Amino acid sequence: MKINEIVVISGKGGTGKTTLVASLVPFLGKTVIADCDVDAPDLNILFGNTVKAEDEFIGLQRADLNKDICTNCGLCYEKCKFNAITKDIEISKSKCEGCGVCEFICPVNAITMKDSVVGKVFISDTKYGEMVHARLIPGEETSGKLVTEVRKRSKELANDKNINNIIIDGSPGIACNVIASITGVSKAVIVVEPTLSGLHDLEKVYKLADKFNLKIYVVINKYDLSKEQAEKIEEYCEKENLEIALKIPFNRKMVEAITKKEIPSLYEKDFFEKIGFNEFVQKLIK
Ligand code: SF4
Ligand code: SF4
């Protein structure tokens, strides 16, 4: 079964990406929700936190020292390129990148590589379908792998339950976790705001998304807050042949909806109808 995977991304956080994802969910029909913003996962807060399964996520292996065997020869300290081993042979878990060099060179086998938990993956029930989400342990940096795991489990769920759509709240920016959010999807929606950095944020995320051979739509959020910046974004989209699929005017009620943990598109139904939200949804699911 061909699954329609739709990712919503932005050049930086705080552009209204999650608000848009939450607003889309009730209109997509049967769908799996994937929160790939693993550094700041907040979709589950909006949909009510009803976790029904959780698993630890092993992101990498790290060096583990057996002090009883170690002869303090200092070889591992000299060879660790990540400064994860101190002169008096203590291994810093947060600095260890899991390269395995110390295990390989230790003459007395005092170091063993062991699985390291870097986060958790959850499956929650929501009123609109199951949601896969995750949380990275603070300080861990393997968010790309965790995003890939969330994507993998979302796909398994969709396949098992014969669900056609997956909506993905992607990570903001252009780092590896964003690449993991975009790889293999059918459509990408880039959310941008008409701020001073808005155009630059759009340019960088578009250049990245454009490498993935997928249909890209732009949504300008709060487009009426700066006519000048909104026009610059529109000119850029025209030049790049990028479709602006939705322009959302500033609306205080959207903020009100979020603070009340309500879905904005349901809380402000008339407003969403007026701005062409239904037509936008049709583009995403066809
Ligand atoms: S290489 Fe092995 S024996 Fe030498 S200091 Fe490191 S852990 Fe100890
Ligand atoms: S596994 Fe690599 S990074 Fe980690 S302590 Fe050993 S040499 Fe350093």
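Me: Which residues of α5 are buried?

Reply: In this predicted model, the buried residues of α5 are S143, K145, L146, V147, E149, V150, R151, R153, S154 and A158. They pack against several strands, namely β2 (31–35), β3 (51–65), β4 (111–126), β5 (129–136) and β6 (165–169), and against the helix α6 (176–182).

Me: How do you know that the length of helix α5 agrees with what a helix should span?

Reply: Let's do it step by step. Helix α5 covers residues 143–160, which is 18 residues. The expected span is 1.5 Å times one less than the number of residues, so α5 should span 26 Å. The C-alpha atoms at its ends are 26 Å apart, and therefore the two values agree.

Me: Why is N72 called exposed?

Reply: Count its neighbours. N72 has 11 other C-beta atoms within 10 Å, and a residue is exposed if that count is 12 or fewer, so N72 is exposed. You can find N72 in the loop between β3 and α3 (75–79). N72 also has a positive phi of about 60 degrees, although it is not a glycine.

Me: And what makes I89 partly exposed?

Reply: Here the count is 19 other C-beta atoms within 10 Å. Buried needs 20 or more and exposed needs 12 or fewer, so I89, with 19, is partly exposed. I89 sits in the loop between α3 and α4 (101–105). Its phi is positive too, about 55 degrees, and I89 is not a glycine.

Me: Why does V117 count as partly exposed?

Reply: V117 has 13 C-beta neighbours inside 10 Å. V117 has its place in strand β4. Leaving out residues up to four places away in sequence, V117 touches E56, F57 and I58. The C-alpha atoms of V117 and G59 are separated by 6.2 Å, and these two residues are 58 residues apart along the chain.

Me: Why does I248 count as buried?

Reply: I248 has 25 C-beta neighbours inside 10 Å, and the cut-off for buried is 20 or more, so I248 counts as buried. This residue lies in strand β9. Beyond its neighbours within four places in sequence, I248 is in contact with V219, N221, K222, Y223 and I275. I248 and I220 are 28 residues apart in sequence, with 6.2 Å between their C-alpha atoms.

Me: What makes strand β8 largely enclosed by the rest of the structure?

Reply: Strand β8 has seven residues, 215–221, and six of the seven are buried, so the strand is largely enclosed. The chain goes from β7 through helix α7 (residues 198–209) to β8, and this β-α-β crossover is right-handed.

Me: How do you know that β7 and β8 pair?

Reply: Two strands pair if there are at least two bridges between them. Six bridges join β7 (residues 187–192) to β8, and the two run parallel, so they count as paired. As an example, the bridge partner of A188 in β8 is I216.

Me: How many bridges link β8 and β9, and in which sense do they pair?

Reply: β8 and β9 (residues 243–248) pair in the parallel sense over five bridges. In β9, the bridge partner of I220 is K247. β8, helix α8 (residues 227–239) and β9 make a right-handed β-α-β unit.

Me: Which residues are closest to ligand 1, and which to ligand 2?

Reply: For ligand 1, 13 residues surround it, and the closest are C70, C73, C76, C106 and A110. Ligand 2 is surrounded by 13 residues, with C80, A84, C96, C99 and C102 closest. The shell around ligand 1 divides into ten nonpolar, three polar and no charged residues. Around ligand 2 there are ten nonpolar, two polar and one charged.

Me: How many helices and strands are in the protein chain?

Reply: The protein chain has twelve helices and nine strands. Of its 286 residues, 42% are buried. The C-alpha atoms fill a box of roughly 75 × 40 × 35 Å along the principal axes.

Methods
Residues are numbered from 1 along each chain as its sequence is written. Chains are lettered from A and ligands numbered from 1 in the order in which they are written. This is a predicted model: local features need pLDDT of at least 70, side-chain atom pairs count only at pLDDT 80 or more; totals for chains, interfaces and linings use all residues. Helices (H or I, at least four residues) and strands (E, at least two) are DSSP runs, numbered from the N terminus. Two residues are in contact if their C-beta atoms, placed from the backbone, lie within 7 Å. A residue is near a molecule or strand if its C-beta atom, placed from the backbone, lies within 6 Å of it. Ala, Val, Leu, Ile, Met, Phe, Trp, Tyr, Cys and Pro count as nonpolar, Asp, Glu, Lys and Arg as charged, and the others, Gly among them, as polar. A crossover is right-handed if, with the strands pointing away from the viewer, the path from the first strand over the helix to the second runs clockwise.
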